[in-house]
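Biologist: I have the sequence and the coordinates open side by side. Could you walk me through the fold, one piece at a time?

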Amino acid sequence: MQELETVKSNDTTDVYSEVLKMFVGTDNLRPNIKQPFFNEDYVIATDAMVLICFKKELLKNVDFTPAENPPNALSIIPEDNIEPIVFETTALREAIKSLKEKTGKTYNIEESECPDCHGINFVTYKFKDSFGNQHLYDLECPVCEDGEGFFKIKNIETGETIEKSFRELLRFNETYFEVDKFESIVKAAELLSINQIVLTSRKYELSKHKFTLGECTVCIAPVRPLKEDIIENINPESE
């Protein structure tokens with residue numbers, strides 16, 4: 001079992017602890033990533049899509065209980081394999097703002113009652129066994145969240161309602177990142193007062209991309225774009 005560790009400091013503000021909280025997982029089926037954890041001399045937080053790692057000595061206090069059997073996250077962090085590509089933090093923030101504005105001009109999003117559970121969050125499953133007996137089971141609705149997570153999404157230009165939800169993506173060359181995940185990196189840089197986020201490793205479009213921001217290393221998994229997605233380009237400093 002990993003022991004709680006404390007690093008004494010006169011500064012009561014522990015920004016690195018706040019940064020970790022932005023990257024932890026929320027999946028109850030993966031409890032070993034719902035808190036930050038230690039690998040060797042590093043502290044790591046991840047939700048399985050984006051990961052942040054830095055020397056544990058940067059923490060002033062450890063206000064979490066790390067998992068007893070944490071994943072070996074250090075083993076998946078790739079080596080630097082490209083010339084550094086620099087992105088300005090402020091430019092990335094502007095790209096995120098532009099993306100959200102583009103979404104507002106493309107789709108009209110209205111919260112609606114789920115057509116399957118009618119807002120009660122449960123649906124009835126029927127099963128007939130080999131003896132002809134019928135069984136009814138009320139289970140959580142697989143379509144919405146808590147009966148209130150259903151949205152009607154209409155394309156403003158065409159007036160058509162789209163069947164599937166969409167994602168907001170940031171594009172670098174032919175690589176796409178979910179904005180909610182990538183924004184965590186930008187927020188971390190802003191919290192740490194870091195002006196530049198540097199890409200140091202990428203093998204191909206869908207491979208893990210490694211960035212550095214100050215003392216922190218971040219890895220993020222790209223995604224494949226879909227027709228309904230809203231996309232905004234991000235450009236390096238030199239472009």
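Biologist: Let's start with H2, then: which of its residues are buried?
Modeller: This is a predicted model, and in it Thr-89, Leu-92, Ala-95, Ile-96, Leu-99 and Thr-103 of H2 are buried. These residues cover an arc of only 115° around the axis, which puts them on the same side of H2.

Biologist: Why would a spacing like that put residues on one side of a helix?
Modeller: An α-helix has 3.6 residues a turn, so residues three or four places apart point the same way.

Biologist: And which residues are exposed on the other side of H2?
Modeller: Thr-90 and Lys-105 are exposed there.

Biologist: How many residues does H2 have, and how far does it reach?
Modeller: H2 runs over residues 89–106, which is 18 residues, and from its first C-alpha to its last it reaches 26 Å, close to the 26 Å expected at 1.5 Å a residue.

Biologist: What do the buried residues of H2 pack against?
Modeller: Their partners are strand E4 (85–88), strand E5 (107–111), strand E9 (168–172), helix H3 (179–191), strand E11 (196–201) and strand E14 (230–233).

Biologist: E4 and E11 are on that list. In what order do the strands of their sheet come?
Modeller: The sheet is open and has 7 strands in the order E1-E2-E3-E13-E12-E11-E4, with antiparallel pairing. Strand E1 (37–39) and E4 stand at the edges with a single partner strand each, so one side of each is left without a neighbour in the sheet. Neighbouring strands of this sheet are turned by 30° against each other on average, if direction is ignored. H2 packs on the sheet by touching E4 and E11, and its direction makes about 65° with that of E4.

Biologist: How are E9 and E10 joined?
Modeller: They run antiparallel, and 4 bridges join E9 to E10, which covers residues 175–178. Phe-172 has Thr-175 in E10 as its bridge partner, and Leu-169 stands opposite Glu-178 in E10. The two strands form a hairpin with 2 residues between them, and Asn-173 in the turn has a positive phi of about 55°.

Biologist: Switching topic to Lys-210: where is it, and is it buried or exposed?
Modeller: Lys-210 is placed in strand E12, residues 209–213. Its relative accessibility is 9%, so Lys-210 counts as buried, the cut-off for buried being under 20%.

Biologist: A lysine in there makes me curious; what lies 2.8 Å from a polar atom of its side chain?
Modeller: That is the backbone oxygen of Pro-78. Once neighbours within four places in sequence are left aside, Lys-210 is in contact with a set of residues including Ile-77, Pro-78, Glu-79, Asp-80, Val-198, Thr-217 and Cys-219. The C-alpha atoms of Lys-210 and Ile-52 are 9.8 Å apart, although 158 residues separate the two along the chain.

Biologist: How does E12 pair with E13?
Modeller: E12 and E13, the latter being residues 216–220, pair in the antiparallel sense over 5 bridges, and His-209 stands opposite Ile-220 in E13.

Biologist: One more residue, Asn-155: which strand is it in, and what does it touch?
Modeller: Asn-155 is found in strand E8, residues 151–155, and at 17% relative accessibility it counts as buried. Not counting residues up to four places away in sequence, Asn-155 touches Thr-106, Tyr-107 and Glu-160. The backbone nitrogen of Thr-158 lies 3.1 Å from a polar atom of the Asn-155 side chain.

Biologist: To finish, how many helices and strands does the chain have, and how much of it is buried?
Modeller: The secondary structure comes to 3 helices and 14 strands, and 38% of the 239 residues count as buried. Among contacts between residues at least 6 apart in sequence, 67% join residues at least 24 apart.

Key:
Residues are numbered from 1 along each chain as its sequence is written. This is a predicted model: local features need pLDDT of at least 70, side-chain atom pairs count only at pLDDT 80 or more; totals for chains, interfaces and linings use all residues. Side-chain values use heavy atoms; hydrogens and water are left out. Buried means under 20% relative accessible area, exposed over 50%, partly exposed in between (1.4 Å probe, protein chains only). Contact means heavy atoms within 4.5 Å. A polar contact is a pair of N or O atoms within 3.5 Å; within protein, one must be able to donate a hydrogen and the other to accept it, and residues adjacent in sequence count only if both atoms are side-chain atoms. The expected span of a helix is 1.5 Å times one less than its number of residues. The arc is that of the directions from the helix axis to the C-beta atoms. Two strands pair if DSSP finds at least two bridges between them. Axes are lines fitted to C-alpha atoms, for helices over the stretch in contact, and angles run from 0 to 180 degrees between N-to-C directions.
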